[in-house]
Amino acid sequence: MKNVAVIGAGTMGNGIAHTFAQFNFKVNLIDISEDSLQKGMTTISKNLDRMVVKEKITESDKETTLRNITTFTSIKEAVKNVDLVIEAATENTTLKTKIFKELDEYCSIETILATNTSSISITEIAASTKRPEKVIGMHFMNPVPIMKLVEIIKGYNTSDKVVNTIISLSKTLQKTPIKVNDYPGFVANRILMPMINESIETLYNNVAGVKEIDTVMKLGMAHPMGPLQLADFIGLDVCLSILNVLYNGYKNPKYAPCPLLVNMVMAGKLGLKSGEGFYDYTNHKKAEKVAKMFS
Ligand SMILES: NC(=O)c1ccc[n+]([C@@H]2O[C@H](COP(=O)([O-])OP(=O)(O)OC[C@H]3O[C@@H](n4cnc5c(N)ncnc54)[C@H](O)[C@@H]3O)[C@@H](O)[C@H]2O)c1
């Protein structure tokens with residue numbers, strides 16, 4: 001496997017493209033606009049600069065990594081000759097099933113189709129294709145170049161051969177793959193999102209302020225960052241859509257998103273990516289400082 005396509009150049013897509021390119025895969029990176037692609041490439045370049053400064057890679061590694069990535073605005077063009085597609089577009093079932101229908105039409109029959117979805121059913125996405133045995137969840141964590149875990153989700157029809165291929169590919173990227181079954185939220189978000197939601201509920205109920213809640217969890221539970229800051233990093237819109245998948249999937253009120261989270265998303269306060277969430281990132285220096293915590 002040498003040629004891959006990544007759909008979406010946002011938070012996750014640019015990290016996934018960066019990681020594959022750094023391990024010498026040829027990556028076709030696709031987004032709907034040149035502007036999103038440009039932003040994604042700028043982020044990759046800045047993240048590589050940080051790795052050069054920390055002497056994790058050389059300047060020449062950086063140049064090679066960037067050369068391994070080609071950008072596209074058309075899925076059809078970009079997926080013609082690839083062995084694997086990793087879809088990392090916006091978390092929305094209708095959008096993802098539409099993309100997978102197109103992929104099924106344009107990709108070679110041998111191509112494995114993976115999705116980086118945080119919570120949407122792999123089985124449902126696979127059902128929109130004529131190759132459900134080749135559809136799999138490859139759930140990278142944020143920030144992708146740093147985080148070791150890849151949650152590998154076996155859909156109802158995913159073949160063992162495809163699961164084993166993706167497990168060994170993840171190891172090639174120096175990640176630790178963990179295989180799980182396909183139920184709403186899988187393992188990572190089924191456990192993480194109720195904790196984030198409860199921390200928002202704690203703020204909403206005025207039990208404590210943002211910093212206090214995060215400090216209790218950081219110092220008391222030895223978490224590297226507080227749940228509210230983590231929510232800002234993930235994106236509050238992403239958190240809301242995962243909670244809705246859990247709520248609708250299990251029909252259990254314990255997953256109902258906190259009204260404060262719903263309000264913040266409606267108001268466009270999406271966390272780091274919009275400049276404001278539970279914390280304010282509009283100050284450039286502050287945002288840089290926060291970004292460094294992740295590198
Ligand atoms: N943010 C996280 O921490 C995180 C972690 C793990 C998994 N995920 C999952 O990764 C996926 C992407 O999330 P994100 O946080 O990167 O979102 P994001 O909003 O940062 O980026 C999504 C990108 O997809 C692009 N896009 C939308 N429709 C498209 C289309 N038809 N074709 C090509 N590109 C399209 C958008 O323009 C945008 O650039 C989601 O499924 C999300 O659940 C997110």
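A residue is termed buried under 20% relative accessible area, exposed over 50%, and partly exposed in between, with a 1.4 Å probe and protein chains only. By this definition, buried residues account for 49% of the 295 residues in the protein chain. The model is a predicted one, in which local features need pLDDT of at least 70, side-chain atom pairs count only at pLDDT 80 or more, and totals for chains, interfaces and linings use all residues. Residues are numbered from 1 along each chain as its sequence is written, and side-chain values use heavy atoms, with hydrogens and water left out.

**Figure 1. The protein chain comprises 13 helices and 8 strands.** The chain is as compact as a globular protein of its length, because its radius of gyration of 19 Å is close to the 19 Å that the globule rule gives for 295 residues. The radius is taken over C-alpha atoms, and the rule is 2.2 Å times the number of residues to the power 0.38. Helices (H or I, at least four residues) and strands (E, at least two) are DSSP runs, numbered from the N terminus. The C-alpha trace spans about 55 × 45 × 30 Å along its principal axes. Of the contacts (heavy atoms within 4.5 Å) between residues at least 6 apart in sequence, 67% join residues at least 24 apart.

**Figure 2. Strands E1 and E2 run parallel.** Strand E1 (residues 3-7) is joined to E2 by 5 bridges; pairing requires that DSSP find at least two bridges between two strands. Within this pairing, Val 6 has Leu 29 of E2 as its bridge partner. Strand E2 (residues 26-30) is largely enclosed by the rest of the structure, because 4 of its 5 residues are buried.

**Figure 3. Asn 47 lies in helix H2.** The helix covers residues 34-53. Asn 47 has a relative accessibility of 23% and therefore counts as partly exposed. Lys 62 is 15 residues from Asn 47 in sequence, and the C-alpha to C-alpha separation of the two is 9.7 Å.

**Figure 4. Helix H10 is mostly covered.** The buried residues are Pro 227, Leu 228, Gln 229, Ala 231, Asp 232, Phe 233 and Ile 234. Gly 235 follows H10 and has a positive phi, near 110 degrees.
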